[in-house]
Amino acid sequence: MSSTTADRVAIFTESVIREMTRLAALYDGINLAQGYPDFPAPDAIKEAAIQAIRDDHNQYSITWGTKVLRTAVSEKVRSYNRISADPETGVTICCGATEAMIAALLAIINPGDEVIIFEPFYENYGPDSIISGAVRRYITLQEPNWEFDRDELARLFNTKTKAIIINTPNNPTGKVFTREELEFIAGLCQRWDVIAVTDEIYEHILYDGTEHVSIGSLDGMQDRTITISGLSKTFSVTGWRLGYTVACPRLTDALRKAHDFLTVNAPTPLQVAGVAALHLGPDYYARLAADYRARRDYLLDVLSSVGFECFTPRGAYYTMTDISAFGYADDTEFAQYLVKDVGIAAVPGSSFYREAHLGRDRLRFAFCKKQSTLTEAAARLSRLRS
Ligand SMILES: Cc1ncc(COP(=O)(O)O)c(C=O)c1O
């Protein structure tokens, strides 16, 4: 008898991150696994969302997004990312960066085309590649600074390569790709006629004076980059599902077709509120980064003091840690112990690698939490030492 479900989903496992969230709820643990804030979104944008519903912005919007939000995105990427995009032909509003990524890959991949992915990776890129029919090729980000071997990357490019997925600032490593690294990648993209698909969802969460560079702003990349970002992380509204893509008209046109049939449009009233969010301005971004730096420094101090070795992130709101000092068989066993007996949920490192053994001594903690949550986490973690 033939199977009633499709092969393409059979190989997907449950998201390890969402599984850890489930265990955190089950054991009353503090959830330092999943990357969503437990503090409120800014009042101004909440009010704007409520008002938008009252004003009856409650029906379908234009499939690629309301004109006002596309215009606000276009202005923002011009000033912050140094990318010029016409709101009519170059900006598409999607249901989060998540939908933007799958729409982007569906728009450019033919079955058998190759996609290059940096490892450790954000877990969605694997399934996204599978759904779009891509063959995955991996390049390792090497500890402790998460650099990549340029010769190794150059060897991965070939005539079948269609895209390279970049995530900067990076989840889970906290790496922020340098201008020089991105120029090197851009050179390869141009030489091999490859599209850069770049996930910049953490673009405003940067530490220690680190600069965010968008590969789409580099010479020769304007017509071969799909830049993805969104409001989830920057405005602490992960449940709103608002993301966007910026790309040249040819790529935008293809992507909009995939987007239209996937989701029609992102939530209309929240798109109205999204405009208010993007107008909050530079002071808001500066405060966001400063607040996250304080949380980063606090959690890294706590983790180091109880025996974790932390890889200091330069951006985003996670830290990868080395757990070898604790002497557990592997990351999953230690993560289970941590959530059940200590009351802290974190993500086993193996979920960020294609071969589990590569992450067996790693655990990722998220610090997008209010100070009281982090203080309670510190109290629980202090039990580890004893
Ligand atoms: C690298 C990366 N991209 C995308 C997302 C999801 O973004 P969105 O909420 O806009 O779908 C996340 C969330 O954790 C992420 O870490």
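Q: How many bridges join β9 to strand β10 (residues 318–322)?
A: This is a predicted model, in which local features need pLDDT of at least 70 and side-chain atom pairs count only at pLDDT 80 or more, while totals for chains, interfaces and linings use all residues. Residues are numbered from 1 along each chain as its sequence is written. Helices (H or I, at least four residues) and strands (E, at least two) are DSSP runs numbered from the N terminus, and two strands pair if DSSP finds at least two bridges between them. β9 and β10 run antiparallel, and the number of bridges joining them is three.

Q: What is the bridge partner of Cys310 in β10?
A: Strands of a sheet pair through backbone hydrogen bonds, either parallel or antiparallel. β9 and β10 pair in the antiparallel sense. Within β10, Cys310 has as its bridge partner Thr321.

Q: Which residue of β6 is the bridge partner of Ala163?
A: Ala163 belongs to β5 and stands opposite Val115; β5 pairs with strand β3 (residues 114–119) in the parallel sense over four bridges. β5 also runs parallel to strand β6 (residues 195–199), with five bridges. There, the partner of Ala163 is Ile195.

Q: How many of the seven residues of strand β5 (residues 161–167) are buried?
A: A residue is buried if 20 or more other C-beta atoms lie within 10 Å of its own, exposed if 12 or fewer, and partly exposed in between, with C-beta atoms placed from the backbone. Strand β5 is mostly covered, and its count of buried residues is seven.

Q: Is Gly343 buried, exposed or partly exposed?
A: Gly343 lies in the loop between α12 (331–342) and β11 (344–345). Two residues are in contact if their C-beta atoms, placed from the backbone, lie within 7 Å; not counting residues up to four places away in sequence, Gly343 touches Tyr27, Asp28, Gly29, Ile30 and Arg380. Because 18 other C-beta atoms lie within 10 Å, Gly343 is partly exposed.

Q: Which elements do the buried residues of α9 pack against?
A: The buried residues of α9 are Leu251, Thr252, Leu255, Arg256, Ala258 and His259. They pack against β2 (91–94), α5 (96–108), β7 (225–230) and β8 (243–246).

Q: Which helix gives the most residues to the shell around the ligand?
A: A residue is near a molecule if its C-beta atom, placed from the backbone, lies within 6 Å of it. Of the 13 residues around the ligand, Gly96, Ala97, Thr98, Gly230 and Ser232 come nearest. With three residues, the element that gives the most is α5.

Q: What is the radius of gyration of the chain?
A: The radius is taken over C-alpha atoms, and the globule rule is 2.2 Å times the number of residues to the power 0.38. For 386 residues a compact globule would be near 21 Å, which agrees with the chain's 21 Å.
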